[in-house]
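Please load the model in your viewer and keep the selection panel at hand.

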Amino acid sequence: MLQRRSLRLEDYAYDQPGGYFVTTCTFERENLFGEIQDGSMRLNRYGEIVRECFEAIPEHFEDAAVDQFVVMPNHVHSIVIIMNVGARHAVPVSSLERFGKPVAKSLSTIIRSFKSATTKHINNLRQSPDAPVWQRNYYEHVIRNEQSLHRIREYIINNPARWDFDRENPAATNAEPEDVWRG
C-alpha cells in the first residue's frame with residue numbers, strides 16, 4: 001500500500017496554543033465558491049456556506065478563534081488561533097492523529113469538522129450527497145511571530161485583488177512564487 005507523504009511538521013503537536021495559516025482547496029481546484037469581479041470576491045451560495053461555517057468554528061471549538069480569512073473561488077486562506085487548552089500531561093506527540101483517530105481541539109480536528117460541515121451543506125443544496133467538495137488534506141504554516149502574522153494577514157486581505165497571479169487560480173498566466181506571503 002502506498003503511503004501518502006505528510007504535510008505536517010514531524011514531532012509538532014498541532015493542538016498546542018498558537019496561530020496557524022491554513023489553506024484548504026476544493027476538489028480538483030474547481031471554482032465552486034463564486035468569482036472574482038473587479039478585484040473583489042463575489043460569493044455564490046456555496047461560498048456563503050463556507051463563510052458561515054468558517055465563522056462558526058469558535059461556536060464548536062471553544063479554544064479556537066478565527067482571525068483573518070478569505071473565501072476564494074477554489075480555496076480558503078485562513079488564520080486559526082488555538083488558545084490555551086490546558087496541560088497535556090503524558091501525551092506523546094506521536095499519539096496525535098494516530099491511526100486516523102481525531103484528537104480533540106487539534107488543528108486537524110477543527111479543519112476536518114469545517115470541511116465535513118461545508119460538504120454536507122453544499123451537497124444537500126446541490127442534491128449530490130457523495131460529491132467531493134474538498135481535496136484531501138490542507139496546507140498549514142505555524143505562525144511564529146507578530147511580523148509573520150502581519151504579513152499573512154496582508155496576504156489574505158489582498159488575495160482577491162491578486163487572483164490573476166494566484167497559484168491556485170487555474171487561469172493564472174503569471175503565477176506568483178510559492179509562499180509569496182513569507183516576504
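The stops below lead from the whole chain to the sheet, the helices and selected loop residues.

**Conventions**

This is a predicted model, in which local features need pLDDT of at least 70 and side-chain atom pairs count only at pLDDT 80 or more, while totals for chains, interfaces and linings use all residues. Residues are numbered from 1 along each chain as its sequence is written, and side-chain values use heavy atoms, with hydrogens and water left out.

**Stop 1: the whole chain**

Colour the model by secondary structure. The protein has four helices and six strands; helices (H or I, at least four residues) and strands (E, at least two) are DSSP runs numbered from the N terminus. Their order from the N terminus is β-β-β-α-α-β-β-α-β-α. Of the 183 residues, 42% count as buried, where buried means under 20% relative accessible area, exposed means over 50%, and partly exposed lies in between (1.4 Å probe, protein chains only). The protein exposes about 10,800 Å², and carbon and sulfur atoms supply 48% of this area; accessible areas come from the Shrake-Rupley method with a 1.4 Å probe, and for residues only the protein chains shown count as cover. Contact means heavy atoms within 4.5 Å. Among contacts between residues at least 6 apart in sequence, 66% join residues at least 24 apart.

**Stop 2: the four-stranded sheet**

Select β4, β5, β1 and β6. In that order these four strands form an open sheet with antiparallel pairing; two strands pair if DSSP finds at least two bridges between them. Which strands stand at the edges? They are β4 (64–71) and β6, each with a single partner strand, so one side of each is left without a neighbour in the sheet. Neighbouring strands of this sheet are turned by 20° against each other on average, direction ignored. Axes are lines fitted to C-alpha atoms, for helices over the stretch in contact, and angles run from 0 to 180 degrees between N-to-C directions.

**Stop 3: β1 and its partners**

Select residues 18–25, which make up β1. Seven of the eight residues of β1 are buried, so this strand is largely enclosed by the rest of the structure. Eight bridges join β1 to β5 in antiparallel fashion, and five bridges, also antiparallel, pair β1 with β6. Centre the view on Val-22: its bridge partner in β5 is Ser-78, and its bridge partner in β6 is Glu-140. Tyr-20 stands opposite Val-142 in β6.

**Stop 4: the β4–β5 hairpin**

Next, select β4 and β5, which form a hairpin with three residues between them. Six bridges pair the two strands in the antiparallel sense. Within this pairing, Ala-65 stands opposite Ile-81 in β5. Helix α1 (residues 45–55) lies across β4 and β5 and runs at about 160° to β4.

**Stop 5: helix α3**

Helix α3 packs on the sheet, touching β1, β4, β5 and β6, and its direction makes about 35° with that of β1. The helix has 19 residues and reaches 27 Å from its first C-alpha to its last, close to the 27 Å expected at 1.5 Å a residue; the expected span is 1.5 Å times one less than the number of residues. Its buried residues include Leu-107, Ile-110, Ile-111, Phe-114 and Lys-115. What covers the buried residues of α3 includes β1, α1, α2 (57–60), β4, β5 and β6.

**Stop 6: the loops on either side of α3**

Select Ser-106, in the loop between β5 (75–82) and α3 (107–125). Is Ser-106 buried or exposed? At 4% relative accessibility, Ser-106 counts as buried. Its side chain makes a polar contact with the side chain of Ser-108 at 3.2 Å; such a contact is a pair of N or O atoms within 3.5 Å, where within protein one must be able to donate a hydrogen and the other to accept it, and residues adjacent in sequence count only if both atoms are side-chain atoms.

Just after α3, Gln-127 takes a positive phi of about 55°. Gln-127 is in the loop between α3 and β6 (139–143) and counts as exposed, at 73% relative accessibility. Asn-137 is in the loop between α3 and β6; its phi is near 70°, a positive value in a residue other than glycine. Asn-137 is partly exposed, with a relative accessible area of 23%.

**Stop 7: after α4**

Finally, select Ala-172, in the segment after α4 (146–158). Ala-172 touches Asp-164, Phe-165 and Asp-166, not counting residues up to four places away in sequence.
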